[in-house]
Amino acid sequence: MPRPKILVTRRWPSAVEAVLSERFDVTFNTGDQPMSAEAIADALRSHNGVLPTVSDKLPASVFEGETRARILGNFGVGYNHIDIAAAKAKGIVVTNTPGVLTDCTADIAMLLLLTIARRGGEGERQVRGGEWKGWCPTHMIGTKVTGKTVGIIGFGRIGKAFAQRCHFGFGMDVVFYNRSVVDPAEAARYGARQLPTVEDVLAMSDFVSLHCPGGAENRHLMNAARLAAMKPGAYLINTARGDVVDETALIAALQGGVIRGAGLDVYEAEPHVPESLRGMENVVLLPHLGSATEETRNAMGMKVVDNITAFFEGREPPDRVA
Ligand code: DGY
């Protein structure tokens, strides 16, 4: 029986690519450039499966016409870059990679929180620029983290892992908003307490960290009104998805001193990062590094392998989202 023909849209860790090559008839994107929508639409017509990442766009238009592909094995937990309804309408199964990137993404949120609070980015730039004049009592004064309140929006796996770090690692009070009610005993395991609304969380928090999915339901959840509802002097951390924050409103809030600073790993139009953000000292900007560790990227790849192997063997893929 011929091996299923699959297309991988970007280069993956070499150990995972080797396993894919053993099991499938694989087309690799050897140049590792993001594929156009047309090229992805072609791949859906010519392959039994396509393995995209967050750097690809799969709007409804790529699913038009005949599609040979029966599965999208997404390399990543978030899948707001795929029009799920359109994929479903074509009978295409979609899988993701939950669990294996939880700790590393929570670590990046913690890194952003600490870096923005203690002005780590600014300090590094000063030292590298040869501009540091030496220690003095008033130099580059930041914000103490211990004892502060962090507000988490979205109490899924990553939100919980972040809460645990904040409370048990850094002595912070943790409150959170989550769409569904979380058992208080479960919340307490992470040192956290649920509040009824996003606004309740914003009103109390010195740091607000976003851990909800992207896509239509949370688009611009942090808009001008919600940024204004944050405590004066508070900081925003975003490791979720760029579209959860209205970037124009965020820039205005930072410029107007409505909030004190922001730590961002994700952006509305990645890899574009607005010039005005790049020019601000009170923001820390990372290039979507949440899951970027050797261990996690290998594990994400192996999860995709497990999902598509199960699918092509006629079993239910373990991480099916549609
Ligand atoms: C994810 O898994 O969603 C990360 O953002 C990388 O895709």
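Modeller: We begin with a definition: a residue is buried under 20% relative accessible area, exposed over 50%, and partly exposed in between. Please keep in mind that this is a predicted model.

Biologist: Why is phenylalanine 312 called partly exposed?

Modeller: Phenylalanine 312 has 26% relative accessibility.

Biologist: What makes the pair of phenylalanine 311 and phenylalanine 312 edge-to-face?

Modeller: Two values decide the matter. The ring centres of phenylalanine 311 and phenylalanine 312 are 5.2 Å apart, with the planes at 80°. Rings pair if their centres lie within 6.5 Å, and planes over 60 degrees apart count as edge-to-face; therefore this pair is edge-to-face.

Biologist: How many aromatic pairs does the rule give?

Modeller: The count comes to 6 aromatic pairs. One of them joins phenylalanine 207 and tyrosine 235.

Biologist: Why is the pair of phenylalanine 207 and tyrosine 235 called stacked?

Modeller: The planes of the two rings, phenylalanine 207 and tyrosine 235, are at 15°, and their centres are 5.1 Å apart. Planes under 30 degrees apart count as stacked, so the pair is stacked. This pair links distant parts of the chain, with phenylalanine 207 in strand 9 (residues 207–210) and tyrosine 235 in strand 10 (residues 235–238), 28 residues apart.

Biologist: Are phenylalanine 207 and tyrosine 235 buried or exposed?

Modeller: Phenylalanine 207 has 0% relative accessibility and counts as buried. Tyrosine 235, at 4%, counts as buried too. The cut-off for buried is under 20%.

Biologist: Strand 10 also holds asparagine 238. What makes the contact between asparagine 238 and alanine 240 a polar one?

Modeller: A polar atom in the side chain of asparagine 238 lies 2.9 Å from the backbone nitrogen of alanine 240. A polar contact needs N or O atoms within 3.5 Å. Asparagine 238 itself is buried, because its relative accessibility is 1%.

Biologist: How do you know that the charged end of arginine 11 sits over the ring of phenylalanine 28?

Modeller: The charged end of arginine 11 is 5.9 Å from the centre of the ring of phenylalanine 28. The distance limit is within 6 Å, and the charged end is recorded as sitting over that ring.

Biologist: Why is proline 184 called exposed?

Modeller: Proline 184, in helix 7 (residues 184–189), has a relative accessible area of 62%. Exposed means over 50%, so proline 184 is exposed. By contrast, methionine 172, in the loop between helix 6 (157–170) and strand 7 (173–177), is buried, because its relative accessible area is 0%.

Biologist: Let us turn to the ligand. Which residues are around the ligand?

Modeller: They are Val54, Gly76, Val77, Gly78, Leu101, Arg241, His288, Ser291 and Met300. By class, this shell has 4 nonpolar, 4 polar and 1 charged residues.

Key:
Residues are numbered from 1 along each chain as its sequence is written. This is a predicted model: local features need pLDDT of at least 70, side-chain atom pairs count only at pLDDT 80 or more; totals for chains, interfaces and linings use all residues. Side-chain values use heavy atoms; hydrogens and water are left out. A residue is near a molecule or strand if one of its heavy atoms lies within 4 Å of it. Ala, Val, Leu, Ile, Met, Phe, Trp, Tyr, Cys and Pro count as nonpolar, Asp, Glu, Lys and Arg as charged, and the others, Gly among them, as polar. Helices (H or I, at least four residues) and strands (E, at least two) are DSSP runs, numbered from the N terminus. Buried means under 20% relative accessible area, exposed over 50%, partly exposed in between (1.4 Å probe, protein chains only). A charge sits over a ring if NZ of Lys or CZ of Arg is within 6 Å of the ring centre and within 35 degrees of the ring normal. A polar contact is a pair of N or O atoms within 3.5 Å; within protein, one must be able to donate a hydrogen and the other to accept it, and residues adjacent in sequence count only if both atoms are side-chain atoms.
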